[in-house]
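Here is a short briefing to read with the model open beside you. Take it one topic at a time and look up each residue as you go.

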Amino acid sequence: MNKWFLSAELFSLIIILILMLNFYERRWRGFPQRKTYQLCLLTSGGSILLNILCVYTIYYAWELPLWVNLLCNSLYFLLIVAVSTIVAYYLLRLLFHHIYQQRQQRIFTGILFVLYLFYFALILYNLHSGILFYFNEDRVYCRGPLINVGYGIMGIQLLMLVYVTLRYRKSVSLPMRRVMRILPPIILLLTVYQLLYPDVLFNGGIIVAANIILMVNFQSRRIEQDTLTSSGSRNSFHQELTLRLGGHQHFQVIIISIHKFGSINHRYGHEKGDHLLYEIALWLERLHRSGNSYRVGNVDFTLLVPYTGMVSSRKLLDTICQRFSQPWDVDGTSVILDTTFADLICTDQDWDATDIMEFLDFSLSLAKDRPDRTVRFDEAVYRRMEQRNQIIKRMQQAVRENLFQVWYQPIYHCATGKFAMAEALVRMMDSEGNLISPSIFIPLAEQHGLINEIGSITLLSAGRLLENTDPEQLKVVSVNLSMQQFMSADLVSDLQALTERFHFDPSRLKLELTERVLSEDIPRMKQMMTELQQMGFLFSLDDFGIGYSNLSTVLDYSFSSIKLDKSLIQGYSDNKQFAFIVNAMLDLFHHMGCQVVAEGVETEAQAQALISRGADWIQGFYYAKPMPEAEFLQFLQDQNAASPEN
Ligand code: C2E
Ligand code: CA
Ligand code: CA
């Protein structure tokens, strides 16, 4: 008579029930291959229940028809190997999750399927032959010679998983690596125990161990998922790149950046804005069968797909651009998003994940200026990025070693014919002594936190120049203020300290602001400007005529002068429409009590026309280019001595 100990199976059943409750209660969205894991839990529970049932049907074998026992035991045998097949399939899917080797994955899945089919056939054959188990004439359960074939199949499955893990180890994720370190030895140990003590029913214990290991290790994947959309987070994108690169895989990454999304939130509410982001993530996720999508910034998405050739990669990028040129539905309204795109193809270059992120960010920054708003990262883009990095390095060095120079461009005063004003313009040379345009390095300095240092250098130099010049010779020096400088809480005290240190009247320093600077935090800007004006500093609105050129900016703030941008001036003498606009502006600003500085005057015709039309100041290469301080002082002396007033 068979005697089995059921306590381990009952205990295992309780643990499986707890795992199920946990799984359903928490609704782990991020749990990988949720459905397969769910199937695994259900078959595990089912197999343990069947095992317990079998113990009773075997005890009461005489009171039951033989087929009941045969059926129950055969089903149990099938189910227990089904559990191990599902676990193996689950792990195989996860192992290949970061590997674009679909053929290999299909082969291994095929092997799992064939093994199971073989086992199924064996179970059927067993009904007649009893090679696995049988009931003797006394209806006693007996083990057949091949009773342990199920364990053999489990062993083959484990070996397969170990092989895949070792073969693609660089593309195996951290949780998966952990599972593959723990699972095989534990299963092996428990199986040996079961084989040594067959009377203690312990298969449930093996199953439970596998389920717990999976749950504990993959539960942590939740944090890798974006909380708003169903796509991966920036962190998981980084990890995914590392795994793909580690496995020398070829892939394409597309980045999509949405601009001015704040206005959508503002107009339709944050909830609708969030929903739109969710819709976009969903669309991206469904776009490509082998693709993974991520939200890598607030409104930046990436899609990672296997690279299968130039044509298909271009086609995918076009499909995305095409979709974003169409409207999205927000609360019943069609909205077209302002979007830029960049993509990159990695075919085993020597890059790491951080490099790729940087390449994508840089490509995106270029995409804004392209008509199709798209940049594909290539050799040329890489060279531009290198140049930019060189400039950033050079700026850092220039800050450290005090290599910046401040040059001055004289500004002609039309009424007196004197150069009574100058604009301070910062200069930086590359290592070979060639000038790098501030239009290139100033925006980079703003992005890389160096603008305050550069601003201080210009202010110090302007202060020293004002101290060393006679107000009769040089009335005013103007300096450009960047957004960060103007937002800085220290600006007022810094300027105060500057006037005290160099003993000049604040009305000799003019601060040039652009509309971009003023558009940031309007109440604060106004307060700052009022405070500085009360101290005596002058303000000038720079670059009027480009961008929005909003007249309300001029009305809202009290500028002592407006600088008309060179783009307006350069068409002045030979384009009637430009002349019409500039003339109207001259009248308008004069009526508002502002002086007008015409910038970028390059020809005599422009200068004459502007003078005759009443421009107050002229700045331009026609009169003088920006020059080093010593040269500028000489220029002042020469020119003002020769001016008509003297
Ligand atoms: P901006 O404030 O509009 O400065 C005037 C720019 O126009 C200067 O370029 C000047 O050299 C150029 N310019 C003057 N007359 C002519 C002309 O007749 N024709 C042409 N084609 N250009 C003319 P620069 O020095 O290259 O400066 C470019 C920009 O860099 C400046 O534009 C300003 O926005 C920024 N910048 C320069 N120095 C500083 C600084 O110390 N601080 C900050 N925040 N920005 C600065
Ligand atoms: Ca300026
Ligand atoms: Ca300007």
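Predicted model: local features only at pLDDT ≥ 70, side-chain atom pairs only at ≥ 80, totals over all residues.

- Asp-542 sits in strand β15 (residues 538-544) and Glu-599 in strand β17 (residues 595-599), so the pair, 57 residues apart, links distant parts of the chain.
- Is Asp-542 buried or exposed? Asp-542 counts as buried because its relative accessibility is 7%, and the cut-off for buried is under 20%.
- Glu-599 is buried as well, with a relative accessible area of 8%.

**Two packed helices**

- Helix α12 (residues 353-367) packs against helix α13 (residues 379-401) at an angle of about 95°, and their axes are 10 Å apart.
- That angle makes α12 roughly perpendicular to α13, because angles of 65 to 115 degrees fall in that class.
- Which residues of α12 meet α13? From α12 they are Glu-358, Phe-359, Phe-362, Ser-363 and Leu-366.
- On the α13 side, the partners are Val-381, Tyr-382, Arg-384, Met-385, Arg-388 and Asn-389.
- Sorted by class, this contact of α12 with α13 comprises six nonpolar, two polar and three charged residues.

- Look for Arg-93 in helix α3, which covers residues 66-95.
- Arg-93 counts as partly exposed because its relative accessibility is 30%, and that class lies between the 20% and 50% cut-offs.
- Leaving aside residues up to four places away in sequence, Arg-93 touches Gln-33 and Gln-105.
- Phe-108 is 15 residues from Arg-93 along the chain, and the C-alpha atoms of the two are separated by 9.9 Å.

**Domains**

- The domain assignment of the protein gives domain 1 (7-223), domain 2 (234-377) and domain 3 (388-641).
- How far apart are the C-alpha centres of domain 2 and domain 3? They lie 40 Å apart.

Definitions and conventions: Residues numbered from 1 in each chain as written. Chains lettered and ligands numbered in written order. Heavy atoms only, no water. Helix = DSSP H or I, 4+ residues; strand = E, 2+ residues; numbered from the N terminus. Buried < 20%, exposed > 50% of the residue type's maximum accessible area, 1.4 Å probe, protein only. Axes fitted to C-alpha atoms, helices over the stretch in contact; angles between N-to-C directions. Parallel < 35°, antiparallel > 145°, perpendicular 65-115°, else oblique. Contact = heavy atoms within 4.5 Å. Nonpolar A, V, L, I, M, F, W, Y, C, P; charged D, E, K, R; others polar. Domains from an automatic or database assignment.
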